[in-house]
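Let us read a structure together, one feature at a time. Look at the picture, then follow the dialogue.

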Amino acid sequence: MKTLVLWDIDQTLIDAKGLGHSWYQVALHAATGLELRHVPSFPGRTEMAISRELLTLHDLDPTDELIAVLHRELIAVAEREHPLLATRGRALAGAAEVLEALARRADVVQSVVTGNLVEIARHKLAAYGLDSHVDFDIGGYGSVSDQRPALVVEAIRLATEKHGHDFPVDSVVVLGDTPHDITAALHHGAVAIGVATGRFTAAELEEAGARAVLADLSDTEAVLAAVLPS
């Protein structure tokens, strides 16, 4: 049986703090002509949820059409700033080594469950050399739903279609740095592993229900032991 490993991106694999705020500032102005006055909470939330709240906070009706325009502008600013990303963030310690180690295993399929749009996910991981071992075609992305559990379902569905066999929920492992990552996995019975490299403590991730919590990804063998069935 293969293990489906689904990674969160921000503060789990990379640290690029501040990008969300600055990109939304540019995108909101391009999409609506308004200046950014109110900033939603970002950690662990989907782009759909953030966008809906952002528009509401600025007294706009968050229609599907307006959200689509906002997302197009987000993608555009990410594309323009892609050459600068390497100077505005970093891959977190051990991320490259763990992705490579899992990619070498025939019994692992590796993708992402992230609040980012797929285009932005690609840009972020490529900027830090972390994209080559991730199958973006089977990821769960922030355009799918306001609710993060739906992203896990989408990733499992796409992986099942592509690989031609089911991934039982106990063979699906979600790694992330927020309680949202943990509860999204547990909502469907998947395995949840916390990575305490964001703003949430190991105790908070444990309380959310993580099967294991890693201080970071720097110990490749420890990560593999937590992720893969013994």
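α1 and α3 are oblique to each other. This is a predicted model, in which local features need pLDDT of at least 70 and side-chain atom pairs count only at pLDDT 80 or more, while totals for chains, interfaces and linings use all residues. Residues are numbered from 1 along each chain as its sequence is written, and side-chain values use heavy atoms, with hydrogens and water left out.

Q: At what angle do α1 and α3 pack?
A: Axes are lines fitted to C-alpha atoms, for helices over the stretch in contact, and angles run from 0 to 180 degrees between N-to-C directions. Helix α1 (residues 19–32) and α3 pack at about 130°, with axes 8 Å apart. Angles under 35 degrees count as roughly parallel, over 145 as roughly antiparallel, 65 to 115 as roughly perpendicular and the rest as oblique. Helices here are DSSP runs (H or I, at least four residues), as are strands (E, at least two), numbered from the N terminus.

Q: Is the crossing of α1 and α3 left-handed or right-handed?
A: A crossing is left-handed if the near helix is turned anticlockwise from the far one by less than a right angle, and right-handed if clockwise. α1 passes α3 in a right-handed crossing.

Q: Which residues of α1 and α3 meet?
A: Contact means heavy atoms within 4.5 Å. Those in α1 include Trp-23, Tyr-24 and Leu-28. Those in α3 include Leu-66, Leu-70 and Val-77. The contact divides into 13 nonpolar, one polar and three charged residues. Ala, Val, Leu, Ile, Met, Phe, Trp, Tyr, Cys and Pro count as nonpolar, Asp, Glu, Lys and Arg as charged, and the others, Gly among them, as polar.

Q: How do I read α2 and α3?
A: Use the angle again. The axes of helix α2 (residues 47–57) and helix α3 (residues 64–81) come within 10 Å and cross at roughly 110°. The two are therefore roughly perpendicular. Their crossing is right-handed. Among the contact residues are Met-48 and Leu-55 of α2 and Ile-67 and His-71 of α3.

Q: Which residues of helix α7 are buried?
A: Buried means under 20% relative accessible area, exposed over 50%, partly exposed in between (1.4 Å probe, protein chains only). In α7 (residues 179–186), they are Asp-181, Ile-182, Ala-184 and Ala-185. Seen down the axis of α7, they fall within an arc of 165°, so they line one face of the helix. The arc is that of the directions from the helix axis to the C-beta atoms.

Q: Is Asp-15 buried or exposed?
A: Asp-15 is buried, at 12% relative accessible area. Asp-15 lies in strand β2 (residues 14–15).
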